[in-house]
Amino acid sequence: MTDVLVVGGGVVGLSLAWDLAGEGADVTLVDAAAVGRAASWAGAGILPPARVESALHPIESLRGLANRLHVEWAEALREATGMDTGYRRCGGVYVARTVGEEASLIGLKSLFDEEGIECRMWEGEGIRQVEPNLDPDPPVRRALWTPQECQLRNPWHLRALRVGCERLGVTIVEHEPIRAFEQQQGKITAARSDRRRWYAGAYCVTAGPWSHALLEDLGLANGILPVRGQMVLFRSDKPLAEAIINEGTRYLVPREDGRLLAGSTEEEVGFDCRPTHDRFEELTEFACSLLPALRDAQIEAVWAGLRPGSFDGMPYMGKLPNLENAFVASGHFRSGLSLSPAIARLMSQLILGKQPQADWELFRVDREAVNAGPSQPM
Ligand SMILES: Cc1cc2nc3c(=O)[nH]c(=O)nc-3n(C[C@H](O)[C@H](O)[C@H](O)COP(=O)(O)OP(=O)(O)OC[C@H]3O[C@@H](n4cnc5c(N)ncnc54)[C@H](O)[C@@H]3O)c2cc1C
């Protein structure tokens with residue numbers, strides 16, 4: 001019997017396991033497939049700026065805490081494993097090419113100003129000072145630069161988390177889908193896979209979009225659903241940009257070795273995780289229209305991942321109301337990588353019986369859900 005069974009080893013489950021084990025808990029993490037290969041691997045690793053002390057929304061406050069922890073975790077993981085997580089403060093530029101985008105950018109600037117996030121608005125030729133290769137067609141009307149935006153190389157971060165967990169004694173079991181939970185007198189007594197039962201003092205569901213079915217099995221109606229995001233990876237001889245370039249919901253994320261990610265899409269297509277040709281063409285065109293030098297770059301890979309979305313855009317975090325030892329952390333949609341250390345820290349405090357300091361009303365797990373429809377069998 002372990003202290004905590006973590007069900008799902010994406011960035012949320014691995015981070016939680018690492019934090020719990022660091023607090024001295026005995027942790028077992030079980031994954032249906034290989035750990036760290038689902039959305040957490042597929043993501044871009046953008047860590048937008050936020051400040052915990054001046055955030056205007058509970059998600060931004062969570063992000064502010066996460067941003068502080070990312071600095072500490074990158075260092076702690078390097079010390080524990082010798083591995084680089086690719087955490088870098090590269091800065092971010094938000095561009096507007098249409099009147100509508102320009103209006104949103106002006107709104108974003110006032111929000112950043114109110115939240116005390118350093119930023120500067122550029123117009124006309126000044127924009128080239130931010131990113132010299134940025135030569136968009138159609139041209140950029142305005143660009144908002146923030147030096148505090150950071151990035152992670154999420155596959156590296158996940159590898160380091162896994163090794164960090166193993167060094168702290170976490171038992172990691174792969175290719176072992178949890179099918180159901182057994183309950184008695186308001187408590188989970190076991191989690192069941194095809195092979196055996198798993199016994200723990202507490203159980204936490206961190207299974208990304210697959211959390212929907214596991215939570216239903218626990219009697220929790222919820223609105224967690226998969227939202228597909230596609231990605232194109234370019235490779236050139238030298239880096240074509242330094243900062244992350246954002247336009248609306250799409251972006252370019254340059255890596256130091258000349259690779260550059262172009263993302264992404266938002267598609268509600270169930271559990272279909274295949275990239276498609278039309279979206280590949282759209283993303284490629286988007287990328288080349290911002291950075292024309294990409295037309296000479298090689299396309300190294302394309303892929304898609306399933307973000308854990310939710311009916312109201314808010315994550316599900318906390319204890320299940322009807323079961324004293326059941327917890328969930330899921331539904332973090334486009335922000336799971338960015339929020340992960342804060343999710344882990346607060347959830348680990350909650351599971352270990354401490355009182356986490358956070359405003360969780362919007363993330364309440366028993367809020368009324370618009371059901372996301374039939375889910376994939378576990
Ligand atoms: C294209 C794309 C770009 C993104 N970019 C960013 C970004 O720049 N910044 C950011 O913050 N976020 C980004 N995201 C979102 C982020 O990747 C997700 O929010 C995050 O990875 C969710 O992590 P997770 O651990 O909850 O889920 P997942 O990574 O999906 O992990 C869930 C795990 O649970 C396992 N599992 C499923 N069912 C079971 C079961 N029955 N039993 C046991 N295990 C089970 C799965 O095998 C999987 O390993 C992006 C996502 C995509 C797809």
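The legends below describe close-up views of a predicted model. Residues are numbered from 1 along each chain as its sequence is written, and side-chain values use heavy atoms, without hydrogens and water. Local features need pLDDT of at least 70 and side-chain atom pairs count only at pLDDT 80 or more, while totals for chains, interfaces and linings use all residues.

**View 1. The largest nonpolar core has 42 residues.** A nonpolar core is a set of buried Ala, Val, Leu, Ile, Met, Phe, Trp, Tyr and Cys residues joined through side-chain atoms within 4.5 Å. Buried means under 20% relative accessible area, exposed over 50%, and partly exposed in between (1.4 Å probe, protein chains only). Among the residues with the most contacts inside this core are Leu-20, Val-27, Met-317 and Ile-351. Elements giving two or more residues to the core include strand 1 (2–7), helix 1 (11–22), helix 3 (58–81) and helix 9 (336–351). Helices (H or I, at least four residues) and strands (E, at least two) are DSSP runs numbered from the N terminus. A second, separate core of 25 residues includes Val-130, Ile-245, Ala-287 and Leu-291.

**View 2. Helix 3 has a kink centred on Leu-69.** The kink is about 25°, where the bend at a residue is the angle between axes fitted to the seven residues ending there and the seven starting there. The end C-alpha atoms of the helix are 32 Å apart, which agrees with the 34 Å that its 24 residues should span at 1.5 Å a residue; the expected span is 1.5 Å times one less than the number of residues. Gly-82 follows helix 3 and has a positive phi, near 75°.

**View 3. Helix 1 meets helix 6.** Their axes come within 9 Å and cross at roughly 35°. Axes are lines fitted to C-alpha atoms, for helices over the stretch in contact, with angles running from 0 to 180 degrees between N-to-C directions. Contact means heavy atoms within 4.5 Å. In helix 1, the residues involved include Val-11, Leu-14 and Trp-18; in helix 6, they include His-157, Leu-161 and Cys-165.

**View 4. His-332 lies in the loop between strand 20 and helix 9.** His-332 is buried, with a relative accessible area of 5%. Not counting residues up to four places away in sequence, His-332 touches Val-12, Pro-308, Pro-315, Met-317, Leu-339 and Ile-343.

**View 5. Asp-312 lies in the loop between strand 18 (298–310) and strand 19 (316–319).** Asp-312 is partly exposed, with a relative accessible area of 33%.
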